[in-house]
Amino acid sequence: MQRVFIIRLILFFSGITCYGQFSLNDSLLFYEYRYFKCSDATEKQNILLKKIDLYLNAGITNSLVFNEIKRVNIGRLASGQNEFLWNAALISYLNIENDQARFFLKEYEISAKDSSVMVKLLKVLLYKDIDTSISHVSIAQLSEKDPLFKGLTCFDDIISYNRKHLNFYLFSSAIVPGSGSAMNGYVLKGLLSLAITSASAYAIVKMVEYGLYVNAVLWGTGVGLKFYAGNISLTEKLFYKAEAKQKNKLTTGCELTLKSILDKYPLTLRLK
């Protein structure tokens with residue numbers, strides 16, 4: 001293993017390029033070796049930047065790159081700080097590391113004094129769930145440049161959407177079994193609940209008519225009550241299912257809006 005590692009280093013230093021499947025790995029290994037042997041703190045950060053550039057130029061934006069980004073001490077960067085901060089913010093966002101992304105974007109804005117469309121768009125995506133005041137300001141600024149950005153307010157519709165009057169649906173099902181389910185948009189389920197509950201009630205009446213009082217009590221407090229309570233429980237379940245369905249519909253529409261915006265104003269990495 002040590003011999004293979006030495007051979008790889010010799011090939012790299014001699015300028016021989018390996019076109020095999022290990023070419024990227026060899027380059028990453030070389031820079032990691034340099035990082036390990038380097039004693040200068042600033043140079044170590046520059047070496048990490050070169051490793052990150054290798055990943056990005058190879059089209060790799062997953063957790064491997066994000067892990068390298070976390071190793072960088074931005075206070076030690078001698079050059080390329082702005083490019084690193086922007087790429088770090090975008091890579092963090094792509095890996096759903098939004099706290100890190102917000103940190104890097106804020107540092108980038110301070111360092112680069114950049115108020116471009118890409119910066120404002122990324123800010124909307126990073127703050128839409130935790131601070132709508134920030135995202136609203138960015139959307140308003142973006143909308144002055146292109147009315148297309150007004151569509152980003154769809155995120156507010158998703159966050160604020162909440163079905164109301166659950167108790168009304170439950171009360172309706174308590175009075176007329178199945179009606180709450182039907183009003184939630186599940187008519188067949190509502191009719192089935194009504195049929196089962198009605199059949200149960202009919203069975204209890206017939207038992208009473210034939211003097212089967214014990215059977216009637218047992219059926220009413222057992223099977224009948226179970227069907228009746230199940231009808232109310234089903235109404236609540238279908239209420240929230242309808243709510244989730246509507247939220248998914250809003251989310252799908254919002255994703256399409258965002259896609260059209262990103263097609264026109266793509267968030268791109270800054271490669272060397």
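Residues are termed buried when their relative accessible area is under 20%, exposed when it is over 50%, and partly exposed in between (1.4 Å probe, protein chains only). By this criterion, both Cys-154 and Cys-254 are buried. The structure is a predicted model, in which local features need pLDDT of at least 70 and side-chain atom pairs count only at pLDDT 80 or more, whereas totals for chains, interfaces and linings use all residues. Residues are numbered from 1 along each chain as its sequence is written, and side-chain values use heavy atoms, with hydrogens and water left out.

The protein chain contains 13 helices and zero strands, where helices (H or I, at least four residues) and strands (E, at least two) are DSSP runs numbered from the N terminus. Of its 272 residues, 35% are buried. The accessible area of the protein chain, computed by the Shrake-Rupley method with a 1.4 Å probe, is about 16,200 Å², of which carbon and sulfur atoms supply 60%.

One disulfide, defined as a pair of cysteine sulfur atoms within 2.5 Å, is present in the structure. The bond is formed by Cys-154 and Cys-254, whose sulfur atoms lie 1.9 Å apart. Cys-154 belongs to helix 9 (residues 154–160) and Cys-254 to helix 13 (residues 213–264), so that the pair links distant parts of the chain, 100 residues apart. The link of Cys-154 and Cys-254 is right-handed, with 65° about the S-S bond. Cys-38 also counts as buried, because its relative accessibility is 18%.
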